[in-house]
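Reader: I'm new to this one. Could you give me a close look at the helix packing, and then show me what lies around it?

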Amino acid sequence: MTTATPVKTEYEAIIGLETHCQLSTNTKIFSNSSTAFGADPNTNIDPVCMGLPGVLPVLNAKVLEYAVKTGLALNCQIARYSKFDRKQYFYPDLPKNYQISQYDLPIAEHGWIEIELVDDAGNPTRKRIGITRLHMEEDAGKLVHAGSDRISGSTYSLVDYNRAGVPLVEIVSEPDLRSGQEAAEYAQELRRIVRYLGVSDGNMQEGSLRCDVNISVRPVGREEFGTKVEIKNMNSFSAIQKAIDYEIERQIAANESGEKIVQETRLWEEGSQRTISMRVKEGSSDYRYFPEPDLAPIQVSEQQLATWLSELPELPAQKRHHYENELGLSAYDARVLTEDSSVADYFESAIKSGANPKSAANWITQDIAAYLNKQKLTIAEIALTPAHLADVITRIETGKISNAQAKEKLADLLSGVSPEKAFAGQELISDPTILEPIIDQVLAENPQQLEKYRGGNTNLKGFFVGQVLKKTGKRAEPKLTNELVEKKLNA
């Protein structure tokens with residue numbers, strides 16, 4: 001697992017994340033336009049998201065449901081009364097010249113999530129990270145710069161408004177993070193949660209999950225925060241960690257040299273692996289918030305809250321605790337199995353079908369995972385059912401087949417061949433009265449090797465075991481065969 005760049009001990013970093021998560025609704029937050037990714041530019045638009053005169057927004061009920069469920073999963077207090085506000089700013093990708101967001105009365109506040117870091121030895125360290133607030137808002141459009149990734153250096157820019165009005169929740173953490181590693185794990189845990197809930201696909205490459213980092217450094221022991229810098233343009237968890245670790249060192253070096261750190265927005269430049277200045281950071285007062293006059297306040301009823309709470313699935317942290325404490329799995333295995341809810345479901349179904357938890361975890365996280373990675377498949381796309389995997393594991397543990405036999409037939413099993421058919425006529429021979437004559441025959445056919453073994457070359461035991469396996473078509477039960485061969489060799 002990646003390890004954070006060490007920060008000089010006389011300083012500590014104060015880090016908070018603002019995470020924008022796109023909700024997986026079919027239509028936009030205030031209109032009926034599609035939210036489908038990848039459509040031709042400016043085809044998923046309508047008068048409402050374009051802010052044309054005379055139109056009125058209407059809140060998508062599914063957006064409210066998804067926002068509340070996310071707030072509940074983050075252990076937040078859900079507001080019984082909240083409202084929308086207009087956030088004023090002028091930019092080409094914002095067709096109305098304001099964004100409908102939430103300011104002083106967000107839908108959820110005062111929550112937390114638990115992150116888990118696993119060291120190279122597999123030892124877990126858990127930490128609770130506070131959630132300041134979660135609020136709903138609409139996304140802006142997208143600027144496409146010709147000739148450069150940014151306005152600087154581009155010859156002209158085009159605007160695609162397909163994303164304008166796409167529903168988002170913004171999740172703001174407390175400044176509880178202290179390293180790039182912790183921040184990357186926090187962002188990954190958020191993605192696991194929204195994927196388990198089914199409220200977002202969390203795809204960073206498509207912009208469904210976007211993180212802005214606020215970071216400052218201060219001498220250890222000082223309560224006052226240092227000057228905060230915001231970092232944008234991180235499209236992977238690795239980039240989040242690297243950008244933070246770089247910025248920590250940059251700010252420490254500035255403090256030690258007497259350079260003044262200014263409140264600004266910086267960009268992570270992947271090619272040069274550094275942050276660069278983008279603009280001086282504006283304050284919230286610049287946005288001139290006021291209540292959105294075209295939308296009624298939001299009131300969440302007790303019945304709605306109870307219904308949505310009852311629909312929450314078991315979340316990743318809960319599953320990890322269950323797998324480690326009740327099933328006896330390592331922190332590493334629990335983490336891998338819970339990364340994706342479909343993998344966790346497959347694992348649990350195999351256990352319900354009778355599989356030993358540790359054996360099932362090994363098969364899923366090692367052999368099956370390697371096959372999925374090579375074939376670029378998901379676990380839902382393989383034909384090996386959890387019940388058939390449990391059958392295979394039971395056959396191994398009861399001595400009917402060997403682990404090697406199962407691995408040899410894995411490709412067939414994954415393509416849908418049943419264990420009965422895959423191992424027909426291949427059950428292991430575990431009857432000594434059958435194996436002993438075969439061993440006697442092998443010894444008789446190899447007198448020179450037998451003489452060398454009895455002369456002190458005990459490594460030849462493997463040769464005799466191999467000959468027995470060859471004569472039985474690899475059906476000789478390995479443990480018993482080893483015992484019988486050794487007994488006869490030493491007679």
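Author: Let's start with how the angles work: an axis is a line fitted to C-alpha atoms, for a helix over the stretch in contact, and angles run from 0 to 180 degrees between N-to-C directions. Helices (H or I, at least four residues) and strands (E, at least two) are DSSP runs, numbered from the N terminus. Keep in mind that this is a predicted model, where local features need pLDDT of at least 70 and side-chain atom pairs count only at pLDDT 80 or more, while totals for chains, interfaces and linings use all residues. Residues are numbered from 1 along each chain as its sequence is written, and side-chain values use heavy atoms, with hydrogens and water left out.

Now to the packing. Helix H5 (residues 316-325) and helix H6 (residues 331-338) have axes 9 Å apart and pack at an angle of about 140°. That makes the pair oblique; under 35 degrees would count as roughly parallel, over 145 as roughly antiparallel, and 65 to 115 as roughly perpendicular, with the rest oblique. Who touches whom? In H5, Pro 316, Lys 319, Arg 320, Tyr 323 and Glu 324 meet Ala 331, Ala 334, Arg 335, Leu 337 and Thr 338 of H6, contact being heavy atoms within 4.5 Å. By class, that contact has five nonpolar, one polar and four charged residues. Here Ala, Val, Leu, Ile, Met, Phe, Trp, Tyr, Cys and Pro count as nonpolar, Asp, Glu, Lys and Arg as charged, and the others, Gly among them, as polar.

Next come helix H7 (residues 341-352) and helix H9 (residues 386-397), which pack at about 55° with their axes 8 Å apart. So H7 is oblique to H9, and the crossing is right-handed. H7 brings Tyr 346, Ser 349 and Ala 350, and H9 brings Pro 386, Leu 389 and Ala 390. That gives five nonpolar residues, one polar and no charged.

Then there's helix H1 (residues 61-73) with helix H4 (residues 302-310): their axes come within 10 Å and cross at roughly 65°. These two are therefore roughly perpendicular, and H1 passes H4 in a right-handed crossing. Leu 64, Glu 65, Val 68, Lys 69 and Leu 72 of H1 meet Leu 305, Trp 308 and Leu 309 of H4. The classes come to six nonpolar, no polar and two charged.

An open, mixed sheet of nine strands runs E2-E6-E7-E10-E1-E11-E12-E13-E14, where two strands pair if DSSP finds at least two bridges between them. Helix H2 (residues 180-197) lies across E1, E6, E7, E10 and E11, at about 115° to E6. Helix H3 (residues 237-257) lies across E1, E11, E12, E13 and E14, at about 25° to E11. Within the sheet, E7 (residues 124-138) and E10 (residues 167-173) are antiparallel over seven bridges, and Arg 133 stands opposite Val 172 in E10.

Terms used
A crossing is left-handed if the near helix is turned anticlockwise from the far one by less than a right angle, and right-handed if clockwise.
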